[in-house]
Amino acid sequence: MRIYNTLTRKLEEFHPMDEQEVRMYSCGPTVYGYAHIGNLRAYLFMDTLRRTLKYNGYSLKHVMNITDVGHLVSDADDGEDKMLKAARIEKKDPLEIAEFYMDAFLQDIDKLNIDKPEIIARATEHIDCMEKYVQKIIQNGFTYETQNTIYFDTSKLDKYGVLSNRNIEEQKAGARVEFDSEKKNISDFALWIKAPENHLMKWDTFWGKCYPGWHLECSAMSHHYLGEQFDIHTGGIDHIPIHHENEIAQSKGFSGKIPANYWMHVDFLTIDGGKMSKSLNNLYTLQDLSDKGYEPLVYRMFNFASNYRNKINFTWDTMDSSKVALNRLREGYWKHVNGTENVSDEVLQDFEKRFLDAINDDLNMPVAMSVVWEVIKSPVKSQKLKDLLLKFDEVLGFDLAHYEPEAEELPEEILELVKQRDEARQNKDWAESDRIRDILIEKGYQVKDTKEGTVLNQ
Ligand code: AMP
Ligand code: ZN
């Protein structure tokens, strides 16, 4: 498999540390509102990666966090906590908010048939783990204290900004506002924060009543479940310049190591060419799509039109063509279900090879789908092609194995004949029953007698 590694800015051959098991970590959602379909693109990418790794024979130990504390309105250290803000607006307890939107998120990913990580870890259930982690960073000399905050001192690192390749001076120059804070360096960030008296989420810790900075949970939990170093770390491209740089900084402060060998980032779903986001109020949820008549798997199909490293622009026209494509896929699959024709092994192997080459080329789904369309269009109807599509579906995730076309509504005239025939049979009028049966056969139906009455197959 070849994957693009943000850390080296190269397409690289993938070599996990363990030959059989891939260990990976994905930054999960902040559960303070419904996920929008932009967020869900990030988890569809995560799903395709999981499925592709499994298709290649690896087993997975994959952790995804749920942020239910500490994520401020900006990714840097400004603004209110997102959870507390939602709690204030909805007049609810922050944990109630978290519970509600976490469930909603898990339902959304089920509806999209996203293969869930082996471990889903909530930040608020790992405060101890974060406390131990931060204490070690302190011991190692990478922090300083102000009155209310323990900061990570990024000037203590050999280099800060290994992913985005920016140095502290460049960050200063790029900062929108004059750098004016209690931080020593513009890229320093909060690890552990003293909670004000009326703060709703706080814990008794080594530094009094505190709550953690957002970046800490991912470092502490990935270390807890996956160890100092693991294979792949995923997230959205917005994580590159701050969140993931800070995770790397924390990990270097903790163990001296960069935690993951491969860093993979999914680009944005855009709308009218701009980012879809809660703050710009231009977002759609999965429910909005359903309300407009697009089932969730249509949105899965929509995403396969583009590689995860490219932006994809949301339009209703593209949703319409994705809907048509999903129907074509299902109908094409169904055509092969009862197929009796033969397909040679060479043809099957050629399809398989080209599909595998595509997904192993940094998850190139548009090319993988072009192979699927060739199988669908094949004039030969064969169960071997059905089996092949089911195999491809391990990666595609359209749940073809459970697909059955909906029974077509019978025309009024036919329903009337069935009714008359059932009445004739009840009256033991066998001549009339046979007469109607012959009419039905002539009209192209197979007629079966069951306890429930006449049943037709086309
Ligand atoms: P959040 O819940 O805000 O932490 O975001 C959850 C995930 O969605 C992160 O991986 C973000 O990078 C990703 N994300 C946010 N907006 C978009 C978007 N418009 N397109 C794709 N991914 C996004
Ligand atoms: Zn993270």
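Q: What spacing do the donors of the zinc ion (ligand 2) follow along the chain?
A: Donors are N, O and S atoms within 2.8 Å of the metal (3.2 Å for Na, K and Ca); water is not among the atoms, so sites may look incomplete. Here the spacing is C-x190-C-x24-H-x3-E. Cys218 in helix H6 (residues 214-226) and His243 in helix H7 (residues 240-255) link distant parts of the chain, 25 residues apart; helices (H or I, at least four residues) and strands (E, at least two) are DSSP runs, numbered from the N terminus. This is a predicted model, in which local features need pLDDT of at least 70 and side-chain atom pairs count only at pLDDT 80 or more, while totals for chains, interfaces and linings use all residues. Residues are numbered from 1 along each chain as its sequence is written, chains are lettered from A and ligands numbered from 1 in the order in which they are written, and side-chain values use heavy atoms, leaving out hydrogens and water.

Q: Which atoms coordinate the zinc ion (ligand 2)?
A: The coordinating atoms are SG of Cys27, SG of Cys218, NE2 of His243 and OE of Glu247, at 2.0 to 2.6 Å.

Q: In what order do the 5 strands of the open sheet stand?
A: Strands of a sheet pair through backbone hydrogen bonds, either parallel or antiparallel. Two strands pair if DSSP finds at least two bridges between them. In this sheet the order is S6-S7-S8-S10-S9, with antiparallel pairing. Strand S6 (143-145) and strand S9 (203-205) are the edge strands, each pairing on one side only.
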